Amino acid sequence: MAWPGELAATFIATLRDILPIAATIIGFQILVIRKPIVHPKRILAGFVYVLIGITLFLEGLKMALFPLGELMAQQLTDPAFIQIAEGVSVAPWNAYLWVYLFAASIGFATTLAEPSLIAVAIKAEEISGGAIHALGLRLAVSIGVSFGIALGTYRIVTGTELYLYIIVGYVVVIIQTVFAPKMIIGLAYDSGGVTTSTVTVPLVTALGLGLASTVPGRNPMLDGFGLIAFASLFPIIAVLGYTQIAEWRSRRARSAGKTE
Amino acid sequence: MTPIRNRFIRQLFASTLDLLPIIAVVLIFQILVVRQPIPDVLNLVAGTLLVILGLTLFVQGLELGLFPIGETMAHAFARKGSVLWLLIFAFSLGFATTVAEPALIAVAGEAAKIAAQGGMIEASDEARASYALGLRLTVAFSVGLAIVIGVLRIIRGWPLHYLIISGYCGIVLMTLFAPEEIIGIAYDSGGVTTSTITVPLVTALGVGLATSIKGRNAMVDGFGLIAFASLTPMIFVMAYGMFI
């Protein structure tokens, strides 16, 4: 196992990721704000925790989940496993049921472990004074990603145009925005952007490329992309929908209380 | 020391719970569907432990470092009252965090390959490298711009949904005119720009600004910066595909 070397490489990569951010913050603090940072030691300790945390997290993913996830994506999309006869030019969409199911479950599970989403959920619970539960928000987002990725794999199998789905998705989001409580809109839009980072992207990309290179008639260069777009769109719909349902139920409970 | 240690243990437990679904999905599919032995069980166990420990440290670091610094800087800028400096800071933060983002570097490389294959640029290493670099700078610029617009919105109190909906319309319009090869990559690039370090910082910045500016509500106005940062790259990448 050569992993001390790999660990150091991941550490340096994370450091390189953090440095421009630290430089921006320190530069503006010294040149523009010109006031000492409050609790400098605590802040520094926090940055060191984040640096070590991300390093271990990524290294662990590379050791355990990515190889296995990629292997499974390959095995599940393998024509021998799907049982498509050789030389078939169009694959029936329902031959890939296991792939959709895998896409949905892995999308759900990886989103639940996504560090950026955890961060936003913690903040949202704090700001809303507990009206929004961190875990509830994360579950809603995960369900959205899960549905989005499953639909995305279906799109790759059937070869329909990506932009049609995305544009219909936008229209749904716009309609929901009109009716959703104002307080949730910013958070819902944000949750679309945070779902896809460290954990989800590599696994989902492997699945997309695996599918596009094995489904007859698909070109991995053209059809392998787009899953991330699905994974960023559907959480918005899910979070808006979740709050709409919650509001509708509380309104109904209230009106039921009045009539009694 | 004890409260810190207790918090660490509680977080360790929470991180383990966060990881459980992934492990369950992988194991269930491996055993029931693929029906092949798991290669390298030792690495799987060791890796999972590292992931749990890493996630725990990250969440601790969030509350100690990233959230407080983002918020105190937002307060400091709000007290200083210089909108120009705040906007310059917003742009630098967006640009600096994106240009070195590993996921973006990977996507830009892929895009250059596709462009060369489609005959949009020469099939030489040099042409590909300059195409990829141009794309990265474009995306980093668009994220910087996104944070600037988002911060301006918080200061002025513009309603978020009008801006987002016009962004969507921009994307739809660009999709009609952009070369087909670039569309998938453009859509994906919106999702990859926001990294694990950027998200907490930018969220804290937005929430901090909304709390320190009079008449703004942290919940209504504080969120939305990330949404801009995932919208503008799509528009700019399609524009890049059209003009290069």
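## The contact between chain A and chain B

In this predicted model, the contact, meaning heavy atoms within 4.5 Å, takes 88 residues from chain A and 91 residues from chain B. The size of an interface is often given as the accessible area lost when the parts come together. Here chain A and chain B bury about 8,200 Å² between them, 80% of it on carbon and sulfur atoms, where buried area is the accessible area (1.4 Å probe) that two parts lose on being put together, summed over both.

## Salt bridges across the interface

Between the two chains the rule finds 2 salt bridges, each a side-chain nitrogen of Lys or Arg within 4 Å of a carboxyl oxygen of Asp or Glu. A:Arg138 forms a salt bridge with B:Asp18, and their closest N and O atoms are 2.7 Å apart.

B:Ala229 lies in helix H10 (residues 225-243) of chain B, helices being DSSP runs of H or I with at least four residues, numbered from the N terminus. Leaving aside neighbours within four places in sequence, B:Ala229 is in contact with several residues, including B:Val143, B:Ala146 and B:Gly190. B:Leu145 is 84 residues away from B:Ala229 in sequence, yet 8.3 Å away in space, C-alpha to C-alpha.

Residues are numbered from 1 along each chain as its sequence is written, and chains are lettered from A in the order in which they are written. Local features need pLDDT of at least 70 and side-chain atom pairs count only at pLDDT 80 or more, while totals for chains, interfaces and linings use all residues, and side-chain values use heavy atoms, leaving out hydrogens and water.

Terms used: Helix = DSSP H or I, 4+ residues; strand = E, 2+ residues; numbered from the N terminus.
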